[in-house]
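Here are my notes on the model you sent over. Have the viewer open while you read, and click through the residues as they come up.

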Amino acid sequence: MHGLMDCHLHTVYSGHGEGSVAQVVQAAKERGFSHICFTEHLPVPAGIDDGFTFSMSPQEVIAYRNEVLEAREANPQMTIVYGGEADWFGDNMDFLLQTTKGYEYLLGSCHMIDYWEYDHPDLIHTWEGKDVDAVWRRYFEVWCEAASSPVPFTCMAHPDLVKKFGHRCSFDPRELYAHAAQVAAANGRMVEVNTSGLFCPCAEQYPGPEFLKAFCHAGVDCTVGSDAHSPAKVGRRIRFALAAMYAAGYRCVTLPRPDGDRDYVALEELL
Ligand SMILES: [Zn+2]
Ligand SMILES: [Zn+2]
């Protein structure tokens with residue numbers, strides 16, 4: 001039987017997480033995981049996170065890389081992928097292309113809509129008075145711009161993060177889902193089922209079942225990740241994510257490899 005995978009993991013380098021790379025590896029090993037991807041938050045341009053509370057400082061990138069590569073050396077029985085999670089800003093393309101170089105696996109994330117940090121837990125009040133339908137439409141525009149940009153995102157992370165605090169559009173979003181899935185497919189991006197949403201006010205994995213079906217229908221590769229920010233949360237609800245993929249029509253989970261290629265494992269081997 002194939003070991004489990006968690007392809008979205010953070011450490012103390014994120015500025016808002018706990019645990020070293022080695023501690024995260026240890027937690028994964030103890031829980032039967034054989035394939036993990038470190039996807040630390042990459043540096044953002046000056047002025048956005050100068051206190052480094054949600055991203056690495058540029059000075060930390062080399063140490064992070066070295067720790068991941070050392071962990072790989074020390075654990076040859078596991079597949080450990082050196083990745084990063086990059087914020088999409090909607091501009092500053094030179095910065096993005098520069099800072100996303102050299103990763104084996106790159107997550108593309110829309111944590112901001114036109115520099116509004118709509119998903120920041122300390123800024124929930126900034127949703128007050130917003131037209132939620134308009135926010136959803138703009139979010140999907142921004143998401144599609146990211147997915148069709150020249151930035152080498154391997155995978156679009158938590159695709160419907162806009163629902164995080166439970167703000168749902170009043171219209172049927174299936175048209176937005178179908179279009180986003182087509183954009184991902186046309187640009188060779190994969191997606192992930194991210195279980196962290198189960199623990200947020202939206203109480204649902206990202207993407208939700210209908211959106212996941214749309215990705216499957218469009219032929220978009222899909223992986224799974226916990227988005228853990230501490231060793232205790234490594235691998236959280238991964239079996240649930242795999243079952244959600246199966247229910248949406250997927251029969252294989254995709255595993256990003258250190259050489260940039262992808263492996264496919266039958267879900268029936270894991271469920
Ligand atoms: Zn994220
Ligand atoms: Zn993350």
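What percentage of the 271 residues in the chain do buried residues make up?

1. **Burial and overall build.** The answer is 45% of the 271 residues. Keep in mind that this is a predicted model. The chain has 7 helices and 9 strands. Its radius of gyration is 17 Å, and that agrees with the value near 18 Å that a compact globule of 271 residues would have. If you draw a box along the principal axes, the C-alpha atoms fill roughly 50 × 45 × 30 Å.

2. **Who touches whom.** Take the contacts between residues at least 6 apart in sequence: 73% of them join residues at least 24 apart.

3. Find the open sheet of 7 strands, which pair in parallel in the order S1-S2-S3-S4-S5-S6-S7. Strand S1 (4-9) and strand S7 (222-225) stand at its edges; each has a single partner strand, so one side of each has no neighbour in the sheet.

4. **Strands S2 and S3.** Strand S2 (residues 33-41) runs parallel to S3, and 7 bridges link the pair. One pairing to look up is Glu-40, whose bridge partner in S3 is Gly-84. How many of the 9 residues of strand S3 (residues 79-87) are buried? The count is 8, so S3 is largely enclosed by the rest of the structure.

5. **Strands S4, S5 and S6.** Strand S4 (residues 105-109) and strand S5 (residues 155-156) are parallel and joined by 2 bridges. Here Gly-108 has Met-156 of S5 as its bridge partner. On to the next pair: S5 and S6 are also joined in the parallel sense, over 2 bridges. Across that pair, Cys-155 stands opposite Met-190 in S6.

6. **A closer look at S6.** In strand S6 (residues 190-194), 5 of the 5 residues are buried, so the strand is largely enclosed by the rest of the structure. Which way do the residues point? Met-190, Glu-192 and Asn-194 go one way, while Val-191 and Val-193 go the other, and all are buried.

7. **Helices H1 and H2.** Two packed helices are described by the angle between their axes and the distance between the axes. For helix H1 (residues 21-30) and H2, the axes come within 9 Å and cross at roughly 40°. This crossing is right-handed. On the H1 side the contact uses Val-21, Ala-22 and Val-25, and on the H2 side Glu-67, Val-68 and Ala-71. By class, that gives 5 nonpolar residues, no polar ones and 1 charged.

8. **Helices H6 and H7.** Now try helix H6 (residues 209-218) and helix H7 (residues 238-248), which pack at about 60° with axes 9 Å apart. Their crossing is right-handed. H6 brings Pro-209, Leu-212, Lys-213 and Cys-216 to the contact, and H7 brings Ala-244, Met-245, Ala-247 and Ala-248. Sorted by class, there are 7 nonpolar, no polar and 1 charged residues.

9. **Met-56.** Look in the loop between S2 and helix H2 (61-74), and you'll find Met-56. Is Met-56 buried or exposed? It has 22 other C-beta atoms within 10 Å, and 20 or more counts as buried, so Met-56 is buried. Leaving aside residues up to four places away in sequence, Met-56 touches Tyr-13, Glu-40, His-41, Leu-42, Pro-43, Val-61 and Tyr-64. Glu-73 is 17 residues from Met-56 along the chain, and their C-alpha atoms are separated by 23 Å.

10. **Arg-251.** Finally, go to the loop between H7 and strand S8 (252-256), where Arg-251 lies. Arg-251 has 11 other C-beta atoms within 10 Å, and with 12 or fewer counting as exposed, that is why Arg-251 is called exposed. Again not counting residues up to four places away in sequence, Arg-251 touches Ala-266 and Leu-267. From Arg-251 to Asp-49 is 40 Å, C-alpha to C-alpha, and the two are 202 residues apart in sequence.

Terms used. Residues numbered from 1 in each chain as written. Chains lettered and ligands numbered in written order. Predicted model: local features only at pLDDT ≥ 70, side-chain atom pairs only at ≥ 80, totals over all residues. Helix = DSSP H or I, 4+ residues; strand = E, 2+ residues; numbered from the N terminus. Rg over C-alpha atoms; globule rule 2.2 N^0.38 Å. Contact = placed C-beta atoms within 7 Å. Pairing = 2+ DSSP bridges. Axes fitted to C-alpha atoms, helices over the stretch in contact; angles between N-to-C directions. Left-handed = near helix turned anticlockwise from the far one by under 90°. Nonpolar A, V, L, I, M, F, W, Y, C, P; charged D, E, K, R; others polar.
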